[in-house]
Amino acid sequence: MNTPATTDREILTWELNGIACRELAQQVADDGFIPDIILGIARGGLIPAGAIAYALDCKLMISLNVEFYTGVGETLSEPVMLPSLLESSGLTDQRVLVVDDVADTGKTLKLVNDFCEEQGRVAEVRNAVIYKKPHTITVPDYTWRTTDKWINFPWSAQGPVVAG
């Protein structure tokens, strides 16, 4: 099934998100990778992480908050990890599946992968994303689609309901 697209944007609907997450989980399962922990990158990776965790029957989920995008096509120069309650010892000897909505530059995935590796004794870290951009510096292990377009995700297509 192809993702609906306008001339300059990919449009991910809620229905396609469900299909994408299920197909990503199937890729992970078919690869024989059984994660002990699913780490969702907040905010965009939380919804896919939850869906993938259910599909893989992985009950342990954690999240890290990483800020990179500041607007449509606007980013900080480098991603910044926001304060976390994640205990690094909780990653010891664990197989971690890091989930995000998109690997655009790949800098966010690199930051989180490096964080996991720096905790020491992590058994293995793999990445799953709904979308991968062709120019990413961190190629995910599992990807649903590749695009060079801006992506409208259903959870962020509309602005906030409160004034920022």
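Is N65 buried, partly exposed or exposed? In this predicted model, N65 counts as partly exposed because its relative accessibility is 31%, where buried means under 20% relative accessible area, exposed means over 50%, and partly exposed is what falls in between (1.4 Å probe, protein chains only). N65 sits in strand β3, residues 61–71.

A few ground rules come with the model. It is predicted, so local features need pLDDT of at least 70 and side-chain atom pairs count only at pLDDT 80 or more, while totals for chains, interfaces and linings use all residues. Residues are numbered from 1 along each chain as its sequence is written, and side-chain values use heavy atoms, with hydrogens and water left out.

Now for the overall layout. The protein chain has three helices and eight strands, taken as DSSP runs numbered from the N terminus (helices are H or I, at least four residues; strands are E, at least two). Walking along the sequence gives the pattern β-α-β-α-β-β-β-α-β-β-β. Of the 164 residues in the chain, 42% are buried. Take the contacts (heavy atoms within 4.5 Å) between residues at least 6 apart in sequence: 66% of them join residues at least 24 apart.

Two of the helices pack against each other. Helix α1 (residues 14–30) meets helix α2 (residues 46–55) at an angle of about 50°, and their axes are 9 Å apart. Here axes are lines fitted to C-alpha atoms, for helices over the stretch in contact, and angles run from 0 to 180 degrees between N-to-C directions. That angle makes α1 oblique to α2; angles under 35 degrees count as roughly parallel, over 145 as roughly antiparallel, 65 to 115 as roughly perpendicular, and the rest as oblique. On the α1 side, the contact is made by W14, N17, C21, R22, L24 and A25, while α2 brings I47, P48, A51, I52 and A55.

What lies inside the fold? The largest nonpolar core has 24 residues, and I38, I52, L97, I130, Y131 and W144 have the most contacts inside it. A nonpolar core, by the way, is a set of buried Ala, Val, Leu, Ile, Met, Phe, Trp, Tyr and Cys residues joined through side-chain atoms within 4.5 Å. At least two residues of this core come from each of α1, α2, β5 (95–103), β6 (124–132) and β7 (142–146). The top contributor is α1, with six residues. Apart from this core lies another, of 17 residues, including I41, L64, V66 and F115. As for I52, it touches C21, L24, A25, I38, L97 and V99, leaving aside residues up to four places away in sequence.

The peptide bond from A42 to R43 is cis, with omega near 15°, and R43 belongs to the loop between β2 (37–42) and α2. Two aspartates stand out for positive phi values without being glycines: D57, near 55°, and D93, at about 60°. D57 is in the loop between α2 and β3 and is exposed, with a relative accessible area of 57%. D93 is in the loop between β4 (74–81) and β5, and its 48% relative accessibility makes it partly exposed.
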